[in-house]
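Please look over the sequence and the model, then read on.

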Amino acid sequence: MSEKAKNLSAEIKDSLGYLFFKNPVLVAGLVIGQLAAGCTTMQNGAALSVTYFFIVVPVLVFAAAVGKNLPAWARVIAYMILSSLMLLPSYYICGGFSATIFDSVGIYPALLAVSTVPVVYSEKVAERFSLSKAFFNGIFLALGFALTAMILGTAREFFGNGSLWGYKLAEASFPAVKLPFWGFILLGFMAAGVNGVREIMKKPEYEIPKEEEAEE
Amino acid sequence: MKEKLMFQNAPHVRQSESVVTMMSDVIVALLPIYLMSFFYYGARSLVLGIVGAVSCAVFAFIGSIVLKEKLSVDLTPVITGLILPLLMPADIPYYILIAACSVAILVVKVPFGGTGNNLFNPAAVGFASVALCWPELVFRYPAPMQVIEIFGESTAAAAQSPAYSLAIGAVPDYEVLDMILGSVPGPMGATNIFVVVACGIFLIVKKAVNWMSPVSFLVPYAVLSMIFPRIGGSSFEALCYELFSGTVIFGAFFMLTEPVTSPKRDFGKLMAGITSAVAVFLFRYFGELEMGFANALILMNVFSPLFDTACEKILRVYRNKELLLKKLGGKKAEPKEEPKPVVRVLEKKEAVVRETVPALEVTDDAVEIDLSAADEAPEEELAYEELVENEDLEEEIPTESEEETLEVEEIFEEVIEEEPVSEETADEVATEEISEELVENEDLVEEISVESEEETLEVEEIIDEVATEEETSDEELVENEDLVEEISAESEEETLEVEEISEEVIEEEPVSEETADEVATEEETSDEELVENEDLVEEISAESEEETLEVEEIPEEPVHKKHSGKKKNPSLVDILLAGVSKKYVKKSHKTEDEEAAE
């Protein structure tokens, strides 16, 4: 296997953690407010996920490619302009599955454009990451965000409205779930679940060899 | 009969109050409220209370399993389970109550660590959750004095509560007395104001609740209600309707006073009460739902730690207000007076004593103190209290004695001048008086003289101590000098002896060249050894006489007469110096042993 391929596989392995064990929302605590307040249905979750994808990936790639060449004072401004411009394609794509979806989400896509990843994380990427690593980081960050948003939106829509993707399935059993307060509570439970799985899957620091156990 | 010994672990001094006793007091306070609700709504109210308490206990047990903790029997889940039904109508479905209990325990209490660690009031959050979920069921109150089925759907007729009337801007159709007695539709446990207030006072008397919280909440709320009434009419009516509607008074005594989420300091409780009153009023004034108290309480729970920290800062400023005033006034803080070191005082005392009291003649009979120097001495030097007192006393002694002698003389003169009543009586009286006075004066003089003697002796002791210290130091120096002279004298004698021996060796006839060479080498070695010995003598001069005496007692070593090639025989100098120092003997022993081994 060539070195390039090895490096690529290593980068992909590192970036895979953003899906679950290094999830940007449940572990890093990024963009919690936007999800808790805006992600009340599956459609809202999908819209926010698409928007986040179109913001994070191009900005990180741009930062890795051009960031070092820009003066320090202009980098953050450039990243934010780019992330704001990327709202247009996300608006166009989300309109494909619902005309009013972007309106129901409210200001939260715009808040995603100025969140931590495009403003702060892109600086780190510009200094240290290669193009390929920045690309894979962006992809898996967006996938991790999408996973959280879809689970949250699905739960809140089902228990709050009794429907999935707008299709009524049952009576609303717990309408208060749609409130931001319950959004934060549910995100907290999900984060606790992720931490619990991490604890279970974590290897012990020291393992007693089997021979010593047999002697004992 | 065997006597049993009581064995207890520490602490052995315990308070009578504990969490269990506090919670049991709250349960006792809630029982009359449940009795009144039973009176108005039937047995369903009691069943709701039991269901709530059991549900919360079960959820607490589940939480303890999840947290892997031992289940604590502290009755706090039971309190939550008893309070929640009292905030709801009497015909609330059981599943809504169980949902509220699950939220209160499994969402508000357990994830944050269980009892004592919850951030929000569990009952408030549980009620708010179900009120948001099922507002049409939670805010639908049955009319009082109706029989409500214990199980199944309720068929009781609903009525408009006073809180709803106020929310829509209408005047409630009930009188204030009915609201006080509880014969109005509303939450199950919050309508009977009279019983609620009585139970609240019971909690305050039992010290399960701090009076600061409910009072600091109700008074500002009442003032705001009078100032900003939601209905027309007199301000007193507005005040009564605002206070007696909804869960304001019930929440003030049973929910605002929760020990975990309320501030710890009294001043913090005051601040929290006032802000809670403002928040509740705003929620009720501008909010649509009748759950203003629960929402405001949840909001205030967030700021409880801030109230405590603000209280601490304010109290710290109050305690240090003097320093603060000085800083604001621009005055510098006065430097602290350093304590006078005792050593300097003693040294100065000695100097002053020597200067002021130079001549002291100690006699057995009287004490003559030359105070001329003390009188001439400047006041600044006599700044020490003891010296001042001594000198003052010394000055007072002659004056007092002089005064006393004058008095005695005056008495004699008076006695002489007075016309004698009778010779005998006059003489007796005079003698008696004079003798008494004389005795008193003599006693005084003796006391004063004794005191002055003691003081002068003390002064003398100080001087003697100083003198003896100097003498001892001088003596020690003299002793050391004597030792040095002795040692140097001994070393001189030894060197003289060595020289004599070497001269004798030289005068003797040479036996042969070999022996001459050997003698020369011996001389050389002896010279070397002399040098060594002189160094040693210098070392020895620093030692004491006792060591030299001990060393002299050591017997002389035998002298090896035959010379054998390479072996080093002990020289005459070695033999002579063997009696000088022990160390040197030891060294020679070592060398001989080593030589023998070789």
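## Terms and model

Two residues are in contact if their C-beta atoms, placed from the backbone, lie within 7 Å. The model described here is predicted.

## Helix α3 of chain A and its partners

Under the definition above, A:Ile55, A:Pro58, A:Val59, A:Phe62 and A:Ala63 in α3(A) meet A:Tyr79, A:Leu82 and A:Ser83 in α4(A). Sorted by class, the residues of this contact are seven nonpolar, one polar and no charged. Helix α4 covers residues 72-85 of chain A, and its axis comes within 9 Å of that of α3(A), at a crossing angle of roughly 150 degrees. The crossing of α3(A) with α4(A) is right-handed.

From α3(A), the residues involved are A:Ile55, A:Val56, A:Val59, A:Leu60, A:Ala63 and A:Ala64, and they meet A:Val117, A:Pro118, A:Ser122, A:Val125 and A:Ala126 in α8(A). This contact has 10 nonpolar residues, one polar residue and no charged residues.

## The largest nonpolar core

The largest nonpolar core has 147 residues, and the members that touch the most others are A:Val56, B:Leu84, B:Ala104, B:Ala124 and B:Phe127. Helix α3 (residues 42-66) of chain A supplies the largest share of this core, 17 residues.

What does B:Leu84 contact, leaving aside its neighbours within four places in sequence? The list is B:Gly52, B:Leu97, B:Ala100, B:Cys101, B:Ala104, B:Ala123, B:Gly126 and B:Phe127.

## Where the chains touch

Six residues from chain A and five residues from chain B make up the contact. On the side of chain A that touches chain B, five residues are nonpolar, one is polar and none is charged.

## Chain B as a whole

Chain B contains 23 helices and four strands. Its length is 598 residues, of which 31% count as buried. Among contacts in chain B between residues at least 6 apart in sequence, 72% join residues at least 24 apart.

## Helices α10 and α11 of chain B

In chain B, helix α10 (residues 212-227) packs against helix α11 (residues 235-244) at an angle of about 130 degrees, and their axes are 8 Å apart. Because of that angle, α10(B) is oblique to α11(B). The two helices, α10(B) and α11(B), cross in a right-handed sense.

On the α10(B) side the contact is made by B:Ala222, B:Ser225 and B:Met226, and on the α11(B) side by B:Ser235, B:Ala238, B:Leu239, B:Glu242 and B:Leu243. Five residues of the contact of α10(B) with α11(B) are nonpolar, two are polar and one is charged.

## One position: B:Ala43

B:Ala43 lies in helix α2 (residues 43-67) of chain B. Is B:Ala43 buried or exposed? B:Ala43 is exposed, because 12 other C-beta atoms lie within 10 Å, and a residue counts as exposed if that number is 12 or fewer.

Leaving aside neighbours within four places in sequence, B:Ala43 is in contact with B:Phe38 and B:Ile150. The C-alpha atoms of B:Ala43 and B:Val147 are separated by 8.6 Å, although these residues are 104 residues apart along the chain.

Methods:
Residues numbered from 1 in each chain as written. Chains lettered and ligands numbered in written order. Predicted model: local features only at pLDDT ≥ 70, side-chain atom pairs only at ≥ 80, totals over all residues. Nonpolar A, V, L, I, M, F, W, Y, C, P; charged D, E, K, R; others polar. Axes fitted to C-alpha atoms, helices over the stretch in contact; angles between N-to-C directions. Parallel < 35°, antiparallel > 145°, perpendicular 65-115°, else oblique. Left-handed = near helix turned anticlockwise from the far one by under 90°. Core = buried A, V, L, I, M, F, W, Y, C linked by C-beta atoms within 7 Å. Buried ≥ 20, exposed ≤ 12 C-beta atoms within 10 Å, placed from the backbone.
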